[in-house]
Amino acid sequence: MSMGDFNTNFDSEIKVDTIKWVAEQMPGGFFLYKAELPGEILYINKSALRIFGCNNPDEFRELTGNTFQGLVFPEDFDKIQDSIDFQIQTDQENKLDHVIYRIIRRDEEIRWIDDYGRFAHLPGYGDVYYVFINDITDSRMIDHERELNHLLSDALRESEAANKAKTSFLSNMSHEIRTPITTILGLNEIIHRETKDEEILSYSEKIRRAGTSLLGIISDILDFSKIESGKLELVNVKYTLWDMIADLYNNIQFRAEDKGLGINLEIDPRLPSKLIGDDLRLKQIITNLLTNSIKYTEKGYVTLRMELINANSKSADIKISVSDTGIGIKKEAMDKLFGAFNRLDTRRTHTIEGTGLGLSISQQLARMMNSNIEVSSVYDKGSTFSFVIAQAIADPDPIGSFTLEGQKNATMSGTGGFHFRAPESRILLVDDTPMNLEVIEGLLKPTKMQIDTALSGAEAIKKISIYPYDLVFLDYRMPQMDGIETLSEIMKKLPEKYDSTPIVALTANAVTGERERMLDAGFTDYITKPINLPNMQDMLLKYLPDNKVVETTDEEEEAEDMSELLDQLPDAIFDIDWLDPTEGLEYCGTPELYIKGLELYTKKIDDNAARIASLAEDKNIKDFTIAVHALKATSRTIGAFDFSERARALELAGKRGDEELILRDTPLFLQDYKAQKPELLKVVSTD
Ligand code: ADP
């Protein structure tokens, strides 16, 4: 090649050898190759050889075949060739074409190359490219890492945003789902209380179970997502161990009874009576373990054991264990036990309700309390779940022997009715949904309290300013002025009322921190919707003035219920001296059914009397006996006890074949029977 063929602008004479020497020593890589493929390399300098890891042109030739095509990483070749062609076509004066490609070095390492080149026509050589190259692998790696980091942080931001969206979706969903369930369960409680019809009672019981279980699933999903997003916080409060155990017992007693399982409570009498910790979450863990034990046990018993294993003046280590005599867990399944949504042994458990979240939540809660749930199990024999928990001591007085009889509350909850009356007390219910007010009012009806309602914060404030309330239930979520705003208005405008009136927040929200938020805002307490009877009863007994609360016994409640039902009957019924409406109601269940029964009875009197008379005359003793037997039963159900006894006497005579007695007594019996009609027509009509 002759450098003299180039047109240069240099005036001074410089030797070609000198130029070649410079090219050779240049720190940057430089080479020259024929444009025609495969691009024979005409010249390559030392730096370029070094980039390829070669010490001399021979090594380079061996590595690449001394062609441009041979030196580029095969996968990249077509791409850069296209790019080069394109750049030549759109050629700009004095601008170098730029491509990036990979090469394989002599030590087999793949490197990234930055390539600036230019097409030229060299007389004697034809079309050529001259190229400056540089190994950019290291800086490219840094860029690559930077890019990766960028992508990662974008992804992180996106996933955080998605997580936030999930949590807010879940908390909204909780509200949206809980609100209608509140109504369903509340109205169902009213149905449950007001009906005596066995069939309807059993439907209502099923609604109660399904609704409660749906609520349980929602809370589980919420808890799980809260734990997942690190949003669940423990709240430590002072609590009475005795109450906690009674609550636990009450929560599971009915389930266990339903399955015919026994419950053993083994409570160490040395345990301190008052502790400090998150009692609700601790109860949640134990309830979960107990419910599982009941779910996965067919016969035998479930044991809750609490044992003091260590204590100093400030804190106590308590070992809590739940054992059962159930289906047990196979060794190989143990690993999956605490995983979310995992259910084991599905052949045996698929018919048992569950989401597979309970244990995962329990374990995570236990870990937050610096504990760990451990399992030991023998397949087909039973399992024991246990954990040791440290709780601060609020009152070191030992709990003593735990008996359920000692627990008034223990027997109170779960029985389905309020065990007190408070006709003297006046309370205010505030909720923007009339339906909710109706439900709560209906629930509270048996307490005989005077109940006022308000549909907004403003209305509530007005009422509180006028009337003396013993207790206010204030809905948290209301349009315009929400519960917290209403409360702060009351604090500001009616400070004496605020000081003297317990104000309890009603909330359907199970979101994180709700408890603390309500108490911080100044509420006396809070209760979640749907309101269940035991919680409501506890709340009322806690805050209503003692002198206005009269506790009742079962007998009193029954008598009261009955007198309420009797009140609904027409007055004329009480003038009929041969009829006992109390007995009639007991048979028929509701006033409506009783009246229906009376109507039917009255309608049939004429035909029935005629038929019995003719059967007696015909001496058809067999059919006569059947007819008076039926009359014995129907008269009994309407509360005509004496008349029913007379029918029974005739029935017995029929069975004995005592024609004489039948012929003697039947006419007077039928005369009295027919005389019932005009009296009954004063109470019911037969059209
Ligand atoms: P769920 O009970 O809702 O399915 P859990 O997370 O509480 O979810 O339990 C996960 C699985 O562990 C259950 O599905 C069941 O297979 C098994 N399991 C839990 N407790 C017991 C137990 N006491 N006896 C036998 N198996 C159990």
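## Around the ligand

Helix α9 supplies the largest share of the shell around the ligand, at three residues. Keep in mind that this is a predicted model. In total, 20 residues surround the ligand, and the closest are N292, Y296, R343, T355 and L359.

On the oxygen side, N292 puts a polar side-chain atom 2.8 Å from a ligand oxygen, and K295 has one sitting 3.0 Å from an oxygen of the ligand. For nitrogen, look at D324: one of its polar side-chain atoms lies 2.9 Å from a ligand nitrogen.

How much of the ligand's accessible area does the protein cover? On its own the ligand has 530 Å², and the protein covers 98% of that. The elements giving two or more residues to the shell are α9 (279-295), α11 (358-368) and β12 (382-398).

## Helix α8

Now for another part of the chain. Helix α8 runs over residues 241-258, so to speak an 18-residue piece. From first C-alpha to last, α8 reaches 26 Å, close to the 26 Å expected at 1.5 Å a residue. Even so, α8 has a kink of about 40°, centred on I252.

I252 is also one of the buried residues in α8, a list that includes L241, W242, I245, L248, Y249 and A256. Residues three or four places apart in an α-helix point the same way, because there are 3.6 residues a turn. Just after α8 comes G260, with a positive phi of about 70°.

Key: Residues are numbered from 1 along each chain as its sequence is written. This is a predicted model: local features need pLDDT of at least 70, side-chain atom pairs count only at pLDDT 80 or more; totals for chains, interfaces and linings use all residues. Side-chain values use heavy atoms; hydrogens and water are left out. Helices (H or I, at least four residues) and strands (E, at least two) are DSSP runs, numbered from the N terminus. The expected span of a helix is 1.5 Å times one less than its number of residues. The bend at a residue is the angle between axes fitted to the seven residues ending there and the seven starting there. Buried means under 20% relative accessible area, exposed over 50%, partly exposed in between (1.4 Å probe, protein chains only). A residue is near a molecule or strand if one of its heavy atoms lies within 4 Å of it. A polar contact is a pair of N or O atoms within 3.5 Å; within protein, one must be able to donate a hydrogen and the other to accept it, and residues adjacent in sequence count only if both atoms are side-chain atoms. Accessible areas come from the Shrake-Rupley method with a 1.4 Å probe; for residues, only the protein chains shown count as cover.
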